[in-house]
Structure formats: structure tokens, C-alpha cells
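Look at the sequence and the model below before reading on. The text then goes from the overall layout to particular sites.

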Amino acid sequence: MANKLATSLLAACFAAAVLLALAAPAVLAGDPDMLQDICVADYKSLKGPLRLNGFPCKRPENVTANDFLSNVLATPGNTGNAVGSAVTSANVEKLPGLNTLGVSVSRIDYAPWGVNPPHVHPRATEVIFVLQGSLDVGFVTTANRLYAGTVCAGEVFVFPRGLVHYQRNNGGGPAAVLSAFDSQLPGTQPVAEALFGASPPVPTDVLARSFQVDGGVVEAIKSKIPPK
Ligand code: MN
């Protein structure tokens, strides 16, 4: 009797494990689902000993409509830099009402021929909507295939989660896009900065061997990308 019970318990556990394994990828595909209507980020509590996955919630009595409002995207970013582009983000670090909601937006401004250099967002897929101008864009899959094209004002283009991608303004005038993300904090890792501007630095000989160039070339690139 006891043996039979143990066997059926084992079978039940196995079935539960299989179900969990099947369900897990769907559950983990984006930011975690919310468990309440709102959880406005309480930035002050960051100084406390606890750090959650996201921000702790403000007490509801302290929440106002302003927690859900921001003008951070109203002004074009300054594109007067080496690459000729600027990303301005309305993510959970700027807009506390986004906390736990799993979405955010950015604007990207481009000088003529400006580039948003190759980068990845580890936590989000990105959809750009071109507000002005036209762009050459592309992303590279893990099979190392490039999907590239031209997107014009009024069109959208999708960059799948975690894949290296870039945009370049292909015209003589300014360009701008609105970017939507399925994460409140997508994270951005520029490839060149990660490799050549890390702190402490990635060893020059590692990069020289990886790129099959001599150390002088690596040092020359490092000198242009100072650690932050
Ligand atoms: Mn991006």
C-alpha cells in the first residue's frame, strides 16, 4: 500500500516537473508578469539593504499621476558626438510608473550619416518607428546571418531580443525614431564599448588574438573608447 502511494506520488511529481519544464520558457520570455495594478518605483528604498528584481513599490497613498508622466523624450538628444547619434530613454529609471509593467520607450536622434553603433539589449526585443528621415538598419542572428534593410519615415523594423543590431542615417538631413521595448529596463551593451572600453580593460592580447590583428591596432581602438 505504502509502496503504491510512493509510486503514484513519484508519478505525480514527474508529471508536475514535465509541466513546469514545458511552461517555463513561456513564463521567462519577458519581464515577469505583474501581481498588482501598479507598483510605482520607490527610488529612495534603493539605499536600503534589499534589492528586488526591479524596484520596490511606493506606498499607494504617495503615488500621484506625475509618477506616470515624463517629458524626457520631448527634446532631441545631442548628436554632436563621435558616432553622430543619441539615445534618450524613458525606462523605469526615468519613469517610476513603468515599474513591473514590462515596457519602455526611447527616442533615437541621428545627425546626417550618424550611426547607432552595433549593440544588444539583453532583456528586450526592440521595434523602431521612424519619425523622420530614413535609416539603413540590420541585425545579426546567432547563425551569423545579417538581416538588413532600409526603413523610411512611417515604417517600423524589429530587432529580436539579444541580437546584435545597428542603425545608420542614410540621408543628408536629421533622422529620428521612436523605439518600443518589451522590458521596463532593456539594458544596452554596445559591442565596441564592451570589448574595447571595459573597466578594468579586456586584455589587449585576448582582443588581438580574437580579431587576428596586432596589439597596436587594439590599443589604437582602445584609445578612442575611454572607459566610463
Ligand atoms: Mn537597440
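This is a predicted model: local features need pLDDT of at least 70, side-chain atom pairs count only at pLDDT 80 or more; totals for chains, interfaces and linings use all residues.

Residues are numbered from 1 along each chain as its sequence is written, and side-chain values use heavy atoms, with hydrogens and water left out.

The chain has four helices and ten strands. Helices (H or I, at least four residues) and strands (E, at least two) are DSSP runs, numbered from the N terminus. Read from the N terminus on, the order is α-β-β-β-β-β-β-β-β-β-β-α-α-α. Of the 228 residues, 31% count as buried; here buried means under 20% relative accessible area, exposed over 50%, and partly exposed in between, with a 1.4 Å probe and protein chains only. A contact is a pair of heavy atoms within 4.5 Å. Among contacts in the chain with a separation of 6 or more, 67% join residues 24 or more positions apart.

A manganese ion is coordinated by His119 (NE2), His121 (NE2), Glu126 (OE) and His165 (NE2), at 2.1 to 2.2 Å. Donors are N, O and S atoms within 2.8 Å of the metal (3.2 Å for Na, K and Ca), and since water is not among the atoms, sites may look incomplete. Along the sequence these donor residues have the spacing H-x1-H-x4-E-x38-H. His119 belongs to strand β3 (residues 115-120) and His165 to strand β8 (residues 164-169), so this pair ties together parts that are 46 residues apart in sequence. His119 is buried, with a relative accessible area of 3%, and His165 is buried at 1%.

Next comes the nonpolar core. The term stands for a set of buried Ala, Val, Leu, Ile, Met, Phe, Trp, Tyr and Cys residues joined through side-chain atoms within 4.5 Å. The largest such core has 13 residues, and those with the most contacts inside it are Ile128, Leu135, Val137, Val151, Phe157 and Val177. Two or more residues each are given to this core by β2 (104-110), β4 (126-132), β5 (134-140), β7 (156-159) and β9 (175-181). The largest share, three residues, comes from β5. Leaving out residues up to four places away in sequence, Val151 touches Ile128, Val130, Gly133, Ser134, Leu135, Val137, Val156 and Phe157.

Charged side chains also pair up in this model. A salt bridge is a side-chain nitrogen of Lys or Arg within 4 Å of a carboxyl oxygen of Asp or Glu, and the structure holds six of them. Among them is the pair Asp109 and Arg107, at 2.8 Å from N to O; both of these residues are buried. Arg168 and Asp136 form another, also with an N to O distance of 2.8 Å. With Arg168 in strand β8 and Asp136 in strand β5, this pair ties together parts that are 32 residues apart in sequence. Arg168 is partly exposed at 35% relative accessibility, whereas Asp136 is buried at 19%. Arg59 and Glu61 meet at 2.9 Å, N to O, and both are exposed.

In helix α3 (residues 204-211), the buried residues are Thr204, Leu207 and Ala208. Seen down the axis of α3, they fall within an arc of 100 degrees (taken from the directions from the helix axis to the C-beta atoms), so they line one face of the helix. An α-helix has 3.6 residues a turn, so residues three or four places apart point the same way. The face of α3 turned away from the buried side carries the exposed residues Asp205 and Arg209. Cover for the buried residues of α3 includes α2 (191-196) and α4. After α3 comes Gln212, with a positive phi near 55 degrees.

Helix α4 (residues 215-224) contains Ser223 and Lys222. Ser223 is exposed, at 58% relative accessibility. Lys222 is buried yet has no salt bridge, and the nearest side chain of opposite charge, Glu219, is 4.8 Å away. For charge, Lys and Arg count as positive and Asp and Glu as negative, with His and the chain ends not counted. Beyond its neighbours within four places in sequence, Lys222 is in contact with Phe196, Pro201, Val202, Pro203, Thr204 and Leu207.
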